[in-house]
Amino acid sequence: MKNRLLSHFHENRQKINPFINKLIHKRSWLTKKAFKILLCLTCGFMVTFLGMTMDLAMTKSNKTPATLTYKTSWLGNTFGKGKLQVQNNIEAMYVTANGEIYTNSLWDEAGIEAGIYKDGKVIAALEDTHGWNRLGGKAVIVNSKYIYIAMSQGGMNNRKEDYPPEGTTWYCVRRYDLAGKPAPFPGGRGWDKSMLITSNKSEVTGLAIVDNKLFVSNEAANIVRIFNTDTMQEIGSFPVTNPGKIAIDTQENLWIIQNQKGSTTGKIVHYSQTGKKLPEQIVDVVEPTAIATDNQSRLLVAENGVRQQILIYNIKKQPVQVGTFGNKNGIYGDIPGEVKSLKLYGITGVGTDATGNIYINNNGFNKSGTDLRKFSSSGKQQWQLLGLIFVDNADTDPKSDGVNVFTKQEEYLMDYSKPAGQQWTYKAYTVNPFKYPQDPRLHTSPDGTFMRRIQGKPFLFLTDMYGSFLQIYRFQPTTDGKIAIPAGLFVNTNESGKSITGNWPPYQPAKGEWIWRDSNGNGAFEQNEYDSSQDYPYTGGWWVDSKGDVWKTLRTEDGIRHYPLQGLDSKGNPIYTYSSMKREKTPNLFKDLRRIEYFPQTDTMYLSGFTAEHPAVGDDTGVVGSEIVRFDNWSQGNRRPKWRTVVPYDTTGKREVSTAAMSIAGDYVFAVTVKTAQVYVYKANTGKMVHTFSPGPEVGGESGWIDIPYGIRAFRRSNGEYLVFVEENWKGKVIIYHLPI
């Protein structure tokens, strides 16, 4: 740049020198006044040419951002790249004698509904479980020839390839060979003839094999059916109340979970292969969710009630509990929420191998994610595989300088000196369904995480894919350890009735919108804890500033709502009210207001949306819009932009290019696109684009779509480094970019 400027200066000096020499030889130019005029003229030429050069350089910089050195890492999944990673959830599993683990689940974003694990690795995934209205299920079993999984096939109106009609679902057992490829059979259904339809009404809830007999539970139908494993023809059935998962004992009889239903607790019942009910049963359980036998002929039962343990029974005669595995109360014992090897939570699978090793899967609650562990027979953890992220992003506790990172249900401890993918340690699971059964995370699907310090105390805020609510959680380590305690909830106006349909939460107003605050500190929704109002129903975004004030944008002319923090109540909950809420006009340059980020320290407001110059094509409700705009001195009433910058947006209606989310930190504005997951970096002072970057080789150079409104979150550390967290829903993780800028 310096050499270019000098070159322009010398070139322009050569052009004006003859003109100057001609003038100074005239007597009239020998006066002092003339000399000043000439000096001004010369300086003017210099400034003009220098300015032209600088403008040219800035334009080029805007079009071709400088190369940026950055590193990519991730958190939330044991594996960060490649075709195989830990699946989003495990809802059923079966362990073979040699320690292979076969799993099943309803859905995995990357199509690994049914995986195969061994020695702490994902070794394979069953094919064709995803797409074309196919889902996995809640049962899996294996013999020496085939793998059998519960699954469903939804309607497609494609009779030629044998799909059910629209509106009909087949609940099936699907057969695979041991390589994970569908194994068709005579009379099989579906496009590849590998599906056995068991019902059009209810799912398969358990599978087991004895010799050539395949036992299939159907809880809703109160029946266990028997099929030949080779021909897949039905050879018998018998009634069982609410049958679930099945284990086979050394006598080749069946132990069947009788699932908990309503207020009726679960139990374990005993049947012969022919369906004869045997007298033995286990009734000292509350919520059994998985069952297996070990090499000592004992029965292992996953108790997913408050005990959160594996209960071990001697079943040679009448079952007698002879032991437990895992700490009492699981993750809620000792320091509640703290992750330790023997603290279990949300157990969905248990199994053993021939040498007595024990395998346990924790799914958390409301499908929090996979936590699969192997233990030796003495109880020492051998390995742990994690797949904790689904539709989520991360944020850091600002007091921790990026070391303590939170997602909607988890806390991680970071060590950025370690290699990519090894920087994170899973420290806490922050949901307690037993103490706080009305926790909104158990009843909704939040995703966007905000961590804030208010009056020095940490608070977790969560919104969702549609911006329909803002959840608030407080922490009280002396009584609740690592648990995030429900503290408040904002919901939007629903024009047609209650803001949230269904029976949860109790006592919510019959119409309009409301703010709930946990006035008595018990984490439950009480009748006198609501503040209600009525407003425009269509939301553009939420924001919580560093003082704890809440901001909301509505897609209308007076579309900014500001809820100043009114302090903390006696229980430590933030106080927000409609009476103290401030309505602010949308700046008139916006035609469809979307995101908002306000920084009270500098009185700086950043807004995004669609403008008259760059309007929306259609109604793409989830995106940032077409422009990001900065306003200084916002609280003083200034509505003149400091700058406006156009971000990638859809101009064709095909939605191939659009910006999903934005985040401001330090000297930069970060934005990420929906389909390409490319991050754009703009100078916060000028709005000029200075960098772009995308997933690096550490994560295989790939990412899924960014499909949540807060899919990017940036933070500047005290050493000047920037951390940029980006949603990566496809393969179940959060990408972390480390930028030295």
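Predicted model: local features only at pLDDT ≥ 70, side-chain atom pairs only at ≥ 80, totals over all residues.
Residues are numbered from 1 along each chain as its sequence is written. Local features need pLDDT of at least 70 and side-chain atom pairs count only at pLDDT 80 or more, while totals for chains, interfaces and linings use all residues; side-chain values use heavy atoms, with hydrogens and water left out.

Strand 3 runs antiparallel to strand 2 (residues 92-95), joined to it by four bridges; two strands count as paired if DSSP finds at least two bridges between them. Val95 has Ile101 as its bridge partner in strand 3. Five residues lie between the strands of this hairpin, and Gly99 takes a positive phi near 85° there. Strand 3 also pairs with strand 4 (residues 115-118), again in the antiparallel sense, over two bridges. Here Ile101 has Tyr117 as its bridge partner in strand 4.

Further along comes an open, antiparallel sheet of four strands in the order 15-16-17-18. Strand 15 (243-248) and strand 18 (277-282) each have a single partner strand, so one side of each is left without a neighbour in the sheet. The twist averages 30° from one strand to the next (axes are lines fitted to C-alpha atoms, and angles run from 0 to 180 degrees between N-to-C directions). Strand 16 (residues 254-258) and strand 17 (residues 267-271) pair over five bridges, with Ile257 standing opposite Ile268.

Another open sheet has four strands in the order 45-46-47-48, with antiparallel pairing. Its edges are strand 45 (659-665) and strand 48 (689-693), each pairing on one side only. Neighbouring strands are turned by 20° against each other on average, direction ignored. Six bridges join strand 45 to strand 46 (residues 668-673), and Met662 has Ala671 as its bridge partner in strand 46.

A cavity is a set of points on a 1 Å grid over the protein atoms alone where a 1.4 Å probe fits but cannot get out, and lining residues have an atom within 4 Å of a point. The largest cavity holds about 50 Å³, and its lining includes Phe610, Tyr649 and Ser658.

Key
1 Å grid on protein atoms, 1.4 Å probe; cavity = no way out; pocket = protein on both sides within 12 Å on 5 of 7 lines; lining within 4 Å. Points joined across faces, edges and corners; volume = space filled by probe spheres on them.
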